[in-house]
Amino acid sequence: MFDDNITLLSGVDLQCYENNHAHRTEEMDMEQLLVRRGQPFSVVLQCTDHIPRLPDHQLNLILHLGKNNEVVLKVSDSEQDHGKWWFSQRNAQGEVMLTLHSPADAPVGLYSMTVVLLSADGQLLEQTKSQTFYLLFNPWCKDDSVYLPSEELLQEYILNENGILYQGSWDDITTVPWNFGQFEKDVVDICFEVLDNSPAALKNSEMDIANRGSPVYVSRTITAMVNANDDRGVVSGRWDGEYSDGVAPTRWTGSVPILRRWSEGGGQRVRYGQCWVFTGVACTVLRCLGIPTRCITNYSSAHDTDANISVDYLFNDQLENVSEGRKDSIWNYHCWVESWMKRDDLPEGFDGWQVLDPTPLERSDGVFCCGPCPVHAVKEGEVGLKYDTPFVFSEVNADLIFWIVHPDGERIQVSQNSKVIGRNISTKSVYGDFREDITANYKHPEGSMKEREVYKKAGRQVGQKNKDPGQLKLFIKHAPAIHGTDFDVIIEVYNSGREDTDAQLTVTSNAITYNSIHRGECQRKTTSLTVQAHKAHKEVLRLQYDHYGACVSEHHMIRVTALLQLTNQDNIILQEINIPLKMPALHIKIIGKAIVSHKLTAHISFTNPLPVSLQGGVFTVEGAGLTEAIEIKTHGKIEPGQAVTVKFSFKPTRAGLRKLLVDFDSDRLRDVKGEATVIVRTKMQNRNAVPEI
């Protein structure tokens with residue numbers, strides 16, 4: 001009989017360093033095993049000197065999966081069962097190397113592993129202490145449904161922890177740096193915690209675990225869980241400017257503080273986010289899980305509330321918006337993510353980039369989520385394919401229709417424009433910090449025959465071409481618009497006809513948010529004019545800080561709308577433009593040599609550009625591999641033109657190209673950004689140098 005007092009198995013060495021390096025997860029953790037599915041990994045079974053010859057015994061591997069070990073998997077000791085876990089073993093002096101092979105469609109998640117020693121007749125002799133590891137999606141594996149056959153793209157869409165989010169307007173694009181931080185400490189644990197808190201996981205964890213082999217299922221779950229509208233989601237959205245009980249969306253510079261705050265709060269929603277915040281967090285989670293993901297900005301993005309593939313703006317004769325109920329709107333920009341995956345649940349031809357929108361705009365299957373929707377389906381008008389293709393199609397293709405509503409309730413269509421929605425669709429290039437335009441991925445050239453065919457396929461009526469506006473044409477131009485200064489907006493009325501024409505011109509300027517919520521009217525001007533034949537009449541509206549400063553939103557956006565009505569005629573011309581106000585920059589200087597675990601000092605400078613004093617100033621600083629998020633408050637008022645400099649010290653934790661991101665917020669000025677790039681080395685060049693303490 002076997003002597004119970006003899007211990008044969010002394011432990012298992014997970015070889016985290018070797019495995020994590022081979023599976024490209026070494027940036028996440030070197031003390032925890034993180035491997036990718038479809039790629040083998042090896043562990044070492046450590047034995048005592050008293051072990052009998054192994055042919056007389058049998059080794060088995062048992063895997064448990066799930067938060068409460070709900071799913072049990074027995075690992076085969078041969079490759080006979082295709083598509084199943086199996087292992088091979090090689091004996092050495094006092095040790096056994098076990099090489100585990102996972103199927104390329106295995107559920108991702110936290111596994112616990114136990115090595116079991118059985119006698120020749122199958123009796124349990126001994127088992128090791130259970131040890132855990134994470135299994136992730138593997139875009140380097142040809143058999144994985146997230147396989148992406150380009151190392152350049154994988155370096156960006158899986159491994160890059162820094163990114164750029166595009167904001168502003170279609171004709172004045174601005175950039176915001178974002179720290180994804182998917183390899184920062186504990187982030188992988190939080191990402192799986194997000195999945196574990198989904199309604200499906202809480203209702204039936206075994207079924208949820210079984211579905212986690214599908215990137216379609218996992219990514220759709222993430223779009224629902226990043227927003228906190230229906231569940232124990234991460235971020236609560238808010239757009240009304242009232243953020244005193246949380247953090248203003250513009251203050252965030254990265255995903256990690258948001259995810260940590262959610263986890264540390266026991267799954268309590270983090271206040272507050274807007275579309276780029278939801279997008280940044282979703283990108284972090286999806287890249288961390290191993291799904292190639294990139295952030296997208298769609299300019300002049302339609303929010304079509306009634307699914308008629310048009311955005312209807314209703315104005316009265318005084319140019320006041322009289323739309324009622326849930327209004328259609330055009331967001332100056334809207335952000336979402338694209339993730340790369342096969343779509344085995346769809347007909348052929350729709351693999352590749354999929355739209356996933358975590359911002360809570362409309363319900364899908366009763367839940368605020370959107371996608372995955374194949375980008376190719378949007379381009380070809382295949383709105384019957386799941387998920388949420390009609391909504392995404394409208395975001396980039398809807399027509400803009402202006403209506404005037406007379407006092408008697410009669411509606412008159414002023415204009416219909418098919419070219420203003422879905423412009424300059426943007427993402428960060430894989431080759432550097434510059435913009436790549438991917439509009440052609442979403443739509444055929446505006447006005448082309450192919451575009452008209454797609455509209456018909458999408459089940460919409462192809463609108464008539466805009467009616468000839470007649471001999472008058474309306475243009476709006478503006479001088480450089482710098483926040484805190486006065487600037488001119490020029491409205492030009494050109495008469496291409498042979499006769500002088502009388503008309504009335506009404507111009508308004510409104511402070512708006514990036515998603516078209518009006519915060520207040522700044523100025524209004526109505527002029528009766530006569531435009532001479534073949535001549536242009538110019539009207540100047542001077543926008544003064546005294547007028548717009550009190551009502552401008554945290555997005556620093558002014559919308560100018562011009563309505564031209566011909567005297568004694570029904571013909572009306574309407575034009576509008578959005579003007580982003582230019583913001584000051586933060587200046588950052590790094591002092592010291594950038595070496596892991598050695599002190600660096602950052603000097604951050606800001607000059608108040610406004611003609612009013614600022615109070616409650618606070619700098620927020622973070623950087624993946626450099627420092628966790630910290631806040632530095634300023635003291636007292638910052639007077640107009642006054643420069644303020646703060647400094648703080650930090651010790652980089654990881655080598656490589658790193659970015660330090662800084663945000664400044666105050667009572668009258670928010671969303672001032674800055675960044676500094678640092679190359680961190682692992683050790684000092686001078687071996688005799690004494691490290692700092």
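Of the 693 residues in this protein, 57% are buried, where buried stands for under 20% relative accessible area with a 1.4 Å probe and protein chains only. The model is a predicted one, in which local features need pLDDT of at least 70, side-chain atom pairs count only at pLDDT 80 or more, and totals for chains, interfaces and linings use all residues. Residues are numbered from 1 along each chain as its sequence is written, and side-chain values use heavy atoms, with hydrogens and water left out.

The accessible surface comes to about 30400 Å², and carbon and sulfur atoms hold 47% of that area; the method is Shrake-Rupley with a 1.4 Å probe. The C-alpha trace spans about 110 × 60 × 40 Å along its principal axes.

Turning to contacts, meaning heavy atoms within 4.5 Å: among those between residues at least 6 apart in sequence, 67% join residues at least 24 apart.

The secondary structure consists of 13 helices and 39 strands, taken as DSSP runs of at least four residues (H or I) and at least two (E), respectively, and numbered from the N terminus.

Three strands form an open sheet in the order E16-E22-E23, with mixed pairing; strands pair if DSSP finds at least two bridges between them. Strand E16 (310-315) and strand E23 (411-417) each have a single partner strand, so one side of each is left without a neighbour in the sheet. Between E16 and strand E22 (residues 399-405), the pairing is parallel and runs over six bridges. Within E22, isoleucine 401 stands opposite aspartate 312.

Methods. Buried means under 20% relative accessible area, exposed over 50%, partly exposed in between (1.4 Å probe, protein chains only).
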